[in-house]
Amino acid sequence: MFRLITGIPGASGFGSVSTAENVTEGIDATNLTAIITGGASGIGLETARVLAKRNAHVIIAARNMEAANAAKQSILKDYTKAKVTTLKLDLASLDSVEAFSHEFATLNLHLNILINNAGIMFCPFQLSQDGIEMQFATNHLGHFYLTNLLLDKMKETAKSTGIEGRIVNLSSVAHLLTYPEGIAFEQISDKKKYDDKKAYGQSKLANILHANELSRRLESEGVNITVNSVHPGLIMTNLFRYSGILMKMLKLATHILWKNVPQGAATTCYVALHPGLKGVSGNYYVDCNEFKSSSLARDEALAKRLWDFSCSLLKTAGKA
């Protein structure tokens with residue numbers, strides 16, 4: 001908490017006041033391709049802007065194509081030679097995730113970096129197109145399926161280029177506030193058991209568990225791809241559209257803890273690009289420094305069960 005408030009750098013040399021540009025200064029991402037889900041607004045857009053500034057070919061994956069194309073134009077306005085492509089992706093629809101992967105394949109690009117950034121928060125109970133509670137479907141299952149579909153391309157890229165691939169899952173300190181068992185497997189889509197705050201925390205816990213389990217699997221295969229999860233910090237973005245008044249009141253009471261968008265994108269960009277994290281996998285980062293996640297987030301048995309459960313949901317939806 002002291003470092004968060006003061007901004008004093010941690011072991012990485014960066015801290016809570018570092019920006020995405022700060023942590024990537026001097027890094028040349030030429031010849032790297034990065035997919036950023038939710039890259040049309042908020043910290044996703046800032047991540048896209050900074051990676052494009054560092055010469056990466058950025059793929060903005062977004063549900064709202066009008067916003068995605070506007071984001072692309074805003075980046076090109078500042079960096080005329082930037083390489084930015086927009087593709088439609090609705091993470092609440094497994095059909096859309098599949099269509100996105102097919103469309104990306106037609107571009108015949110390498111894939112070095114996958115940033116699972118998009119998410120929704122505290123929404124009223126609703127089911128996805130596939131009949132799954134919306135926060136779990138969007139924040140976890142859509143990204144789980146997307147990552148699975150893109151993994152072969154990432155493995156191929158890492159092998160053919162010799163460049164380490166990196167997967168970054170955006171989680172949250174909210175992973176601490178979830179259901180007692182962590183993941184409510186038997187009541188995932190039960191309206192009677194639904195709590196919007198705990199359901200969000202559950203989906204953010206799932207992001208860390210997914211990253212950790214995938215990291216272990218890739219390490220056992222000897223694949224040159226790292227997987228880590230991050231907490232970007234408290235930032236007022238469109239993520240709070242379902243609880244605007246509540247969060248504005250909270251921000252007023254805790255203003256010293258909040259970040260601006262460039263600061264909020266810093267940890268993502270640090271984990272995605274910084275050479276100091278080469279070969280580092282299966283960790284959770286806050287303010288650009290490794291941080292200890294909850295005991296549930298570090299539970300290997302829970303991570304394995306979530307993996308199997310997610311696969312079963314995909315199978316039920318005809319996607320496995």
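Which backbone nitrogen lies 2.9 Å from a polar atom of the side chain of Asn 289? That of Ser 12.

This is a predicted model, in which local features need pLDDT of at least 70, side-chain atom pairs count only at pLDDT 80 or more, and totals for chains, interfaces and linings use all residues. Residues are numbered from 1 along each chain as its sequence is written, and side-chain values use heavy atoms, with hydrogens and water left out.

**Two strand residues**

Asn 289 lies in strand β8, residues 289-290. Strands here are DSSP runs of E with at least two residues, helices are runs of H or I with at least four, and both are numbered from the N terminus. The side chain of Asn 289 also reaches the backbone nitrogen of Ala 11, at 3.0 Å. A polar contact is a pair of N or O atoms within 3.5 Å; within protein, one must be able to donate a hydrogen and the other to accept it, and residues adjacent in sequence count only if both atoms are side-chain atoms. Leaving out residues up to four places away in sequence, Asn 289 touches Gly 10, Ala 11, Ser 12, Phe 14 and Tyr 284. Contact means heavy atoms within 4.5 Å.

Ser 229 sits in strand β6, residues 225-231.

**Burial and cysteines**

Buried means under 20% relative accessible area, exposed over 50%, and partly exposed in between (1.4 Å probe, protein chains only).

| Residue | Relative accessible area | Class |
|---|---|---|
| Asn 289 | 14% | buried |
| Ser 229 | 0% | buried |
| Cys 123 | 0% | buried |
| Cys 311 | 28% | partly exposed |
| Glu 156 | 45% | partly exposed |

The structure holds zero disulfides. A disulfide is a pair of cysteine sulfur atoms within 2.5 Å.

**Helix packing**

Two packed helices are described by the angle between their axes and the distance between the axes. Axes are lines fitted to C-alpha atoms, for helices over the stretch in contact, and angles run from 0 to 180 degrees between N-to-C directions.

Helix α6 (residues 134-161) and helix α7 (residues 196-221) have axes that come within 8 Å and cross at roughly 20°. The two are therefore roughly parallel. Angles under 35 degrees count as roughly parallel, over 145 as roughly antiparallel, 65 to 115 as roughly perpendicular and the rest as oblique. The crossing of α6 and α7 is right-handed. Contact residues include Phe 136, His 140 and Leu 151 of α6, and Tyr 200, His 210 and Leu 218 of α7.

Glu 156 also belongs to α6. Its C-alpha atom is separated by 27 Å from that of Lys 81, 75 residues apart along the chain.

Helix α7 meets a further partner, helix α11 (residues 300-316). Their axes come within 9 Å and cross at roughly 95°. That makes α7 roughly perpendicular to α11. Among the residues that meet are Leu 209, His 210 and Arg 217 in α7, and Leu 302, Leu 306 and Trp 307 in α11.

Helix α3 (residues 42-53) packs on helix α4 (residues 65-78) at about 35°, with the axes 10 Å apart. This crossing is right-handed. Leu 45, Ala 48, Arg 49 and Ala 52 of α3 make the contact with Ala 71, Ser 74 and Ile 75 of α4.

Notes. A crossing is left-handed if the near helix is turned anticlockwise from the far one by less than a right angle, and right-handed if clockwise.
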